[in-house]
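Here is a short report on one protein chain.

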Amino acid sequence: ARAAFNALTPAEQKAVSNAATLTALENQYANLTKPSVAKVKIKKVKAAKKGKKATVTWKKISGAAGYQVTYGTKKSLKKAKTVTVNASKSKAVIRKLKNKKYYVRVRAFKTYRGQTFYGSYSKVKKVTIR
């Protein structure tokens, strides 16, 4: 229907009485076809025995294009840093940490028609770097 409408001349498009209906239905369809992204569940967050790093592992989400791992020193994760990981992996190593307590969360994302859709974040887990 949109292709036929676009093929009309501007004068003919103005004469069409249900153009607003077409646009409204397209928007409804777009909302229905947005992919849902499941919530990620963190398996564990483990500090390395040597070096200032931590390893985060999580359960994979089918159809995910990748994952975002967010970490910071505040439980609210304000001013947190984010690492993006490819979908084939289910773990990430966070490097260059200091001797502090860190909080970590993960979310999955999917790409659909050039847009990125994010799932909700996992529960926040903490890890202490020594």
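Strands are DSSP runs of E with at least two residues, numbered from the N terminus. Two strands pair if DSSP finds at least two bridges between them. This is a predicted model: local features need pLDDT of at least 70, side-chain atom pairs count only at pLDDT 80 or more, and totals for chains, interfaces and linings use all residues. Residues are numbered from 1 along each chain as its sequence is written, and side-chain values use heavy atoms, without hydrogens and water.

**Strand pairs**

Strands of a sheet pair through backbone hydrogen bonds, either parallel or antiparallel. Two pairs are set out here.

| Strands | Sense | Bridges | A facing pair |
|---|---|---|---|
| β6 (residues 101-112) and β7 (residues 115-118) | antiparallel | four | Lys110 and Phe117 |
| β2 (residues 54-58) and β5 | antiparallel | four | Ala54 and Ile94 |

β6 and β7 form a hairpin, with two residues between them. Arg113 in that turn has a positive phi of about 50 degrees.

An open sheet of three strands runs in the order β1-β2-β5, with antiparallel pairing. Its edge strands are β1 (42-47) and β5 (91-94), and each pairs on one side only.

**The core**

The largest nonpolar core has 23 residues. Such a core is a set of buried (under 20% relative accessible area, 1.4 Å probe, protein chains only) Ala, Val, Leu, Ile, Met, Phe, Trp, Tyr and Cys residues joined through side-chain atoms within 4.5 Å. Val56, Trp58, Tyr67, Val69 and Val106 have the most contacts inside this core. β6 gives the largest share, four residues.

Which residues does Val106 contact, leaving aside neighbours within four places in sequence? Among them are Val40, Ile42, Val56 and Trp58. Contact means heavy atoms within 4.5 Å.

Key:
Buried < 20%, exposed > 50% of the residue type's maximum accessible area, 1.4 Å probe, protein only.
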